[in-house]
Every structure is written in structure tokens, then in C-alpha cells.
Amino acid sequence: MATPIEMPKLSDTMEEGVLSAWLMDEGDQVSAGDILAQVETDKATMDLEAFDEGVLLKKVIDEGDSVPIGQLIAVIGEEGEDISDLLGGEDGDDSAAADAEAATDEAEEEAEDTPDTTEPSADTEEVVEEPSGDGQLRERTPEPVPAGTDAEGRRIKASPLARRIAQEHDVDLARVDGSGPEGRIVRRDVEARIEEGEPAPPPEREERAPEPAPQPTAEAPTYELPDDEAPYASEDISQMRKTIARRLAQSKYSAPHFYLTVDIDVEDAVALREDLNELAEEQGRAKISFNDLITKSCALALKDHPYVNAAYLPDEGEIRKYNRVHMGIAVAIDEGLITPVVRDADRKGLTEIARETRELAERARSRDLEPEEFEGATFTTSNLGMFGIEEFTAIINPPNSAILAIGEIRDTPVVEDGEVVPGKRMKVTLSCDHRVVDGATGAQFLDSVRSYLEEPMNLLL
Amino acid sequence: MATLQFREALRAAMTEEMERDDDIFLIGEEVAEYDGAYKVSKGMLDQFGSRRVIDSPISELGFAGLGIGAAMNGLRPIVEFMTFNFSFVAFDQVINNAPNMQYMSGGQFTVPIVFRGPNGAAGQLGATHSNSTEALYSTFPGLKVVAPSIPDDGKGLLKTAIRDDDPVVFLESELMYGMKDEVSDAEDYTIPIGSARVAREGDDVTIVAHSKSYHIAMDAADELEERGYEAEVIDPRTIKPLDIETIVESVVKTNRLVVIDESNPFASVASEVTHQVQDRAFDYLDAPILRVTAPDTPAPYAPNLMDAYMPGVDETVDKCLQVLYAK
């Protein structure tokens with residue numbers, strides 16, 4: 001019994017996958033657990049594992065093809081087995097595939113479904129033998145000729161017969177007057193036009209005739225640009241970009257965002273980090289980034305502000321307040337961005353957060369993350385400080401109820417006890433989903449984050 | 001050829017078949033002693049005796065079921081409904097048992113039975129006695145439905161229906177029983193079920209009409225001829241299986257179709273013909289297909305209202321001129 005292999009759902013948000021590489025060939029012996037191919041999803045490139053024994057009988061799609069979840073991509077079975085049913089049936093189901101091969105199969109199948117063409121004047125004996133009424137139609141008329149549009153783009157009303165005659169005689173219906181109800185063009189109108197003879201095409205058409213001119217003429221400038229001066233370059237939208245587009249648009253359209261910015265004194269935090277990293281270097285531990293301090297601060301603050309660590313789920317009719325704190329950290333990679341998740345960050349020490357974040361970020365850049373490593377964040381931070389961005393607003397990563405946008409650490413004059421002195425400050429901006437987080441709730445959370453960063457010894461407790 | 005009334009042609013069909021095959025019998029209300037409510041079976045009791053020409057009680061469900069049982073046991077009953085309005089009380093037998101028995105028994109039983117009698121409106125009979133049943137019975141797989149319009153077809157088709165191994169609903173008309181026309185007296189004269197008759201040839205518009213409506217179509221074609229249009233008139237004769245090939249062939253030639261059907265319009269035979277033609281001949285249509293039917297109301301009693309209710313020649317000519325874009 002042949003087994004169809006279909007495009008699996010490899011992540012929560014995956015809708016289609018690109019078969020990036022076949023790792024086995026048709027005719028290869030397959031055992032359960034073998035890797036058949038690699039599939040690029042919207043998040044990562046993942047292995048497609050075989051769950052059955054047999055011979056890889058057919059690769060249905062090619063490397064680089066993008067197909068929706070559930071579409072047939074390969075067939076495993078016994079050597080020499082007839083799998084035409086499987087291939088035919090699966091192709092028939094497929095609607096979304098842009099796969100040209102599938103489309104052709106479908107067309108062929110349709111053609112086969114059409115009953116054999118017989119002479120229309122089939123003798124009546126046969127009708128009696130095999131009653132052919134009631135949908136069992138033996139012959140179908142030609143494919144319908146579509147209606148055209150007139151100069152203003154309005155649909156031309158013409159009877160099906162008039163359209164067909166017009167097409168057969170190359171008559172432009174836009175130049176035929178209809179005599180039927182509401183100006184419908186009917187047979188006699190087209191026939192009258194054919195009798196008159198189709199007028200010569202308008203002159204500008206003749207000028208455009210692609211005949212090579214025997215001699216160069218002054219007034220025939222061409223506006224074709226050389227390739228390297230083309231007005232734009234085109235690239236296909238990647239799976240990741242599609243996902244970013246869909247999820248962030250969904251977030252921005254459905255979650256009413258508002259923004260709270262706070263300027264945090266990070267003098268002590270910067271000093272603490274330097275001290276900790278000196279120790280880390282001596283003891284061979286992972287260095288702590290300033291971002292790790294923010295991760296820890298947010299994680300601790302979230303424990304005290306459950307609505308910021310929550311999700312508004314209208315379909316379920318609930319606001320879900322998470323008991324655990326999973327910190328999503330936006331990482332820029334070549335193709336876009338991804339948010340690996342540090343789980344239970346409130347319960348992890350700074351060193352562990354630092355080590356884990358670094359490792360996840362590296363694997364994100366090599367597109368090597370497993371789905372469970374980038375799914376399930378309850379809160380997200382995005383840091384553009386390293387690019388010198390003073391402050392910015394981020395779009396909430398759904399279904400989170402907030403996201404923290406982190407700016408650079410600035411050396412700036414500050415007023416302390418009535419005197420202007422040098423200070424270290426950092427602006428962070430919280431984007432809140434107003435369906436869950438109100439202004440005061442967001443402000444209180446930010447105040448907690450600030451307290452942790454301004455008195456960073458609390459992070460070590 | 002002999003000139004016979006429609007009722008005589010039907011009687012000839014039954015008589016010839018019963019002479020040929022002793023398994024055939026006729027049962028129904030008043031078919032024996034009274035010679036039939038419309039005298040279709042006149043003299044048959046005398047010829048075949050009360051074993052084969054049987055007066056039933058007023059109990060359609062009972063004698064329709066009795067007929068089906070007899071058919072399953074090897075006989076070939078002809079069940080006469082005094083009118084098809086009364087077939088409604090036998091509905092379960094006609095639509096459930098007769099057509100499904102062969103299928104449900106895995107082919108162990110066939111039901112070679114004919115349900116026959118007058119169908120449709122017949123003057124001032126009121127709403128409950130003016131029903132047209134052809135679309136209704138045609139909707140159930142397993143039933144064949146025949147509705148002839150002229151005596152000759154009546155004879156040839158009834159003989160075929162009696163010989164058919166499937167249940168056949170054979171629809172006649174009170175108003176046509178007295179109609180006289182040439183009827184073949186050829187030996188073993190049968191007309192196949194499922195073949196339409198092109199009654200009149202023409203190039204300009206096709207009119208499809210069965211049973212009484214056929215005569216309206218022929219009169220309308222005469223009137224159209226006076227106006228310079230040649231109508232092609234097709235009588236499907238059998239509603240199911242429908243000879244759609246013949247109709248489509250004609251529409252491919254004329255590019256226009258008007259269907260007359262004295263039934264109520266919703267889900268009628270005219271609806272079905274219209275659907276099948278647009279499905280198969282869409283690119284040959286130069287105009288929308290129009291129908292001439294009774295309105296979607298119960299049949300009235302008053303004669304002036306009845307005239308307005310039934311399809312007529314004027315309305316048919318009018319619809320034909322519309323599809324000809326001549327109005």
C-alpha cells in the first residue's frame with residue numbers, strides 16, 4: 001500500500017512550505033526516521049522525516065516549490081506499485097498550489113471527465129438503451145467565450161452566441177451596436193457587422209506594427225531602458241517576510257496600540273554589569289550584556305503586573321494571564337527577524353539568561369531554531385540601541401499584550417541636587433494593547449522595570 | 001392506419017399486450033364493470049374476465065401496493081389511477097417502493113408495473129383536482145415518466161411501458177381522451193421510451209412542449225408562420241429519461257428556446273429542460289430561454305380565471321417573439 005507524504009505543519013503559523021532540498025532520490029529505500037527532504041517554513045528550515053518503510057516512488061514537487069500544508073509532496077510504497085490513483089486524486093484536491101504541473105494534471109483530469117464526444121445526431125436507439133438525460137450529458141458545447149469590456153471598461157452585454165460568432169470572425173464587440181434589450185448584442189448585430197466588413201484598425205495600431213523599418217526614421221524614439229537601468233529590481237516575497245507582514249499587520253490593525261516612554265538612569269546598572277563581567281572573565285563564565293539586565297528586569301516586573309504578561313483572545317472570549325514568564329527577544333537576521341524565547345526568565349540567573357540568549361541568537365541567525373524555541377513568548381523586547389537609536393515604538397508581537405522598545409544608553413547632562421552633572425540614561429518605550437493594558441497598568445509596570453534597573457542589586461536576589 | 005380516439009388508442013395498446021401476455025392485468029377504480037371512469041377500458045372486462053380486469057376499492061395506497069407486490073412476484077400489472085391527483089394518497093408505494101425495490105434488493109426483484117391515468121388540469125375541477133405531477137415523479141430515480149400528446153404516441157409508448165421491466169408512470173389527459181387522430185395498426189407497434197419527436201421543423205425558434213401543451217405549441221407555430229417565423233416544435237414524449245440530445249440539436253440550429261409546461265413553474269419540467277440546454281448549448285443561445293407555465297398558485301375554479309391560469313397560444317407566440325427580438 002503506497003503512502004502519500006504531505007506537506008506537514010511544522011510551526012503554529014505555517015501555512016505553506018518551500019521544499020528547499022531533496023535528500024533522497026526516487027527509487028531509494030526509505031526507513032522510518034530517515035530524512036527525506038528539508039522544508040523551509042516561515043520560521044526555519046526543518047527536516048522532513050519519513051514515518052514509513054518503503055521505496056521513495058515519486059517526488060511530486062521540485063526543489064524550490066512552495067506548497068500549502070496537506071499537499072502531496074511524495075509517495076512511498078513498494079517497488080513497482082501503481083500509484084496513479086494517489087497522484088490523480090491528490091492533484092484533484094489541490095486548489096491553492098501554484099504548481100504548474102498540478103494545474104496541468106487538473107486540466108487533463110477535467111478533460112477526461114468530459115464524456116466522450118459523440119455525434120450530436122446519435123441515433124435514438126442508443127438513447128433508449130442508456131437513458132442519457134438528467135445530467136449524464138454526452139456532449140458539451142465549446143468553452144464559453146468570455147464577455148469583453150468596452151472602452152470605458154464596462155462589461156459588454158452580448159448573447160453567448162453573439163460572442164462566439166464574434167470570436168470566430170474576429171469581430172471586436174466593443175465596436176458593435178447591440179439591438180437587444182438594454183443594448184444586448186445579439187446574433188443579427190454581429191452578422192450585420194461582418195457583412196459591413198470590420199473597419200480598418202485605427203491608425204495608431206498600424207504605427208505600432210512590429211515590422212522592421214527598412215530605413216531608420218527620425219521620429220521613432222524607443223524608450224526601452226537597458227537592463228542595468230531598469231526602474232526596479234524584483235524579488236519573491238520569502239516565507240519569513242510573508243509571516244512578518246501578516247502577523248504585524250494583524251497586530252497593528254486589531255490591537256489598539258498606545259505608547260509609554262520612560263527615561264531610566266542606568267548609571268548603577270552599567271557599573272554593576274562591568275563588575276559582574278570582570279568576575280565572569282576571571283571565572284570563565286558567560287559575559288552579561290546590558291540587554292540581559294533588561295530581560296531580567298522585565299521578567300521580574302512582569303510577575304507583579306499580570307496584565308502585561310497576558311493575551312487578549314477574543315475568539316476564546318478570555319484574557320489569558322500567564323503564570324510563567326517567557327521572554328521573547330527580537331533578533332535581526334538576514335531574511336528578517338525572529339524572536340527566540342528565554343523561558344521562565346524570572347527564575348533564571350543573569351548568567352543563564354546571558355548564555356541562553358547568546359546561543360539562541362546565534363542559532364536564529366543560522367536559521368537553525370526549533371519551533372519550540374521561537375514560539376510561546378508571553379512578552380517581547382526589541383533593542384535598537386546598538387544602532388544609536390535613542391527611542392522608538394515597536395509593534396506588539398501577537399498575542400502578547402505589550403512589547404518594550406529599547407533605545408541606546410546615552411551620556412547626557414542630568415540635573416542632580418540642583419547641579420548639572422554627567423549622567424547615563426536610556427529610554428525605553430512600552431507599546432501596550434489597550435484591550436488588556438490600560439495607561440496606569442502600563443505605567444506601573446514601567447515603573448517596576450525602572451526600579452530594577454536603577455537599583456540593579458535587586459536583580460541579583 | 002386507423003383513426004382512433006386517444007382512449008381507444010390506449011385501450012388498443014392494453015388489449016394487444018394482454019392478448020400477448022397472460023401475466024398482464026388491469027386494476028383500478030371502476031375499470032371493470034363501469035368500463036373505466038373515462039371509458040379507456042371499455043369492453044376489457046368482457047374480453048379478459050374479472051381475473052385480469054379488476055375493480056379495486058377506493059384505496060389507492062392499497063391497490064398500488066398490491067400491484068407492486070404482484071410485479072415483484074412475476075406479474076405485470078397496469079394500475080389505473082382515476083386521476084393522478086389521487087396518486088398522492090398512494091405516494092409511498094409509487095415513489096418509495098416501486099422505484100427503489102430493485103436497488104434495495106440488490107437486483108433480486110424487479111417491479112414491472114405501469115401506473116397510468118389522467119394528469120394535469122382538465123377545466124373546472126378546482127385546485128385539488130388540477131395537479132400536474134410530471135416534474136414530481138421525474139425527481140425520483142428509478143421511475144420512468146411518459147407523457148404522450150397524440151393517440152399514436154399513446155399507443156406505441158403504452159405498449160413499450162407495459163413491456164418495460166421498470167416502473168413507469170404514464171400520464172394521460174382527460175381533455176385529450178376524445179381527441180381523434182391516425183394511429184398505427186402495425187403489428188407490434190412500439191415507440192421507444194426516451195426519444196423525442198420533432199413534430200414540426202423550423203429554423204427560427206425551438207418550442208418544447210409535452211402532453212396538452214404540445215397542441216398549444218403547434219397552434220403557436222402556425223401563428224408564428226403567418227408572421228414570417230419558422231418554429232421547430234419538439235415533443236419530448238418521455239419526461240424521464242429526457243431526450244435532451246434532440247432538444248439541444250434543435251437549439252444549436254435555432255439559437256432560441258421557449259418551453260411550454262402547464263405545471264406550476266418552480267422546479268418544473270420546463271426548469272429542467274432550461275437548465276440542461278443552457279448547460280450544453282450555452283454558446284449557441286442568442287437569447288435567454290423563456291418558459292410558458294401556469295403561475296405559482298393553486299388552480300382556480302372560475303372559467304375566466306382558469307383561462308388566464310393555463311398556458312395559451314397568445315402567451316406562447318409572445319414569448320417566441322421576445323426571444324426572436326421581434327418585439
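**Entry 1: the cores**

I began with the largest nonpolar core, which has 106 residues. By nonpolar core I mean a set of buried Ala, Val, Leu, Ile, Met, Phe, Trp, Tyr and Cys residues joined through C-beta atoms within 7 Å. A residue is buried if 20 or more other C-beta atoms lie within 10 Å of its own, exposed if 12 or fewer, and partly exposed in between, with C-beta atoms placed from the backbone. Ile207(B), Val258(B) and Cys320(B) have the most contacts inside this core. Helix 1 (residues 6-20) of chain B gives the core its largest share, 7 residues. Helices (H or I, at least four residues) and strands (E, at least two) are DSSP runs, numbered from the N terminus.

I also found a second, separate core of 81 residues, with Ile294(A), Val308(A), Val436(A) and Leu453(A) among its members.

A note on what I am looking at: this is a predicted model, where local features need pLDDT of at least 70 and side-chain atom pairs count only at pLDDT 80 or more, while totals for chains, interfaces and linings use all residues. Residues are numbered from 1 along each chain as its sequence is written, and chains are lettered from A and ligands numbered from 1 in the order in which they are written.

**Entry 2: Cys320(B) and chain B as a whole**

What does Cys320(B) touch, not counting residues up to four places away in sequence? I listed Val205(B), Ile207(B), Ala220(B), Leu224(B), Ala231(B) and Val258(B). Two residues are in contact if their C-beta atoms, placed from the backbone, lie within 7 Å.

For chain B I noted 11 helices and 14 strands. Of its 327 residues, 55% are buried. Among the contacts in chain B with a separation of 6 or more, 79% are between residues 24 or more positions apart.

**Entry 3: a five-stranded sheet in chain B**

Next I traced an open sheet of 5 strands in chain B, with the order 9-11-10-13-14 and mixed pairing. Two strands pair if DSSP finds at least two bridges between them. Strand 9 (197-200) and strand 14 (290-293) of chain B are the edge strands, each pairing on one side only. On average, neighbouring strands here are turned by 25° against each other, direction ignored. Axes are lines fitted to C-alpha atoms, for helices over the stretch in contact, and angles run from 0 to 180 degrees between N-to-C directions.

Inside the sheet, 4 bridges pair strand 10 (residues 205-209) and strand 13 (residues 257-261) of chain B in the parallel sense. Ala209(B) has Ile260(B) in strand 13 as its bridge partner.

Helix 9 (residues 269-281) of chain B packs on this sheet, where it touches strands 10, 13 and 14 of chain B. Its direction makes about 160° with that of strand 13 of chain B. I counted Val269(B), Val273(B) and Val277(B) among the buried residues of this helix. Their cover includes helix 8 (244-254) and strand 12 (238-240) of chain B.

**Entry 4: strand 7 of chain B**

Is strand 7 (residues 168-172) of chain B mostly covered or mostly uncovered? It is mostly covered, since 5 of its 5 residues are buried. Val168(B), Phe170(B) and Glu172(B) lie on one side, and Val169(B) and Leu171(B) on the other.

Strand 5 (residues 114-118) of chain B pairs with strand 7 of chain B in the parallel sense over 5 bridges, and Gly117(B) has Leu171(B) as its bridge partner. Strand 6 (residues 144-146) of chain B also runs parallel to strand 7 of chain B, joined by 3 bridges. From strand 6 the chain passes through helix 6 (residues 151-163) of chain B to strand 7, in a right-handed β-α-β crossover. Right-handed means that, with the strands pointing away from the viewer, the path from the first strand over the helix to the second runs clockwise.

**Entry 5: chain A**

I then turned to helix 9 (residues 290-304) of chain A, where 11 of the 15 residues are buried. Asp292(A) and Lys296(A) are among the buried ones.

In chain A I also saw an open sheet of 4 strands, ordered 1-8-6-3 with antiparallel pairing. Strand 1 (3-6) and strand 3 (29-30) of chain A are at the edges with a single partner strand each, so one side of each has no neighbour in the sheet. Gln29(A) stands opposite Val55(A) in strand 6 of chain A.

My last stop was Leu384(A), in the loop between strand 16 (379-383) and strand 17 (402-416) of chain A. Why is Leu384(A) partly exposed? Because 17 other C-beta atoms lie within 10 Å of it. Leu384(A) touches Ile389(A), Phe392(A) and Gly407(A), not counting residues up to four places away in sequence.
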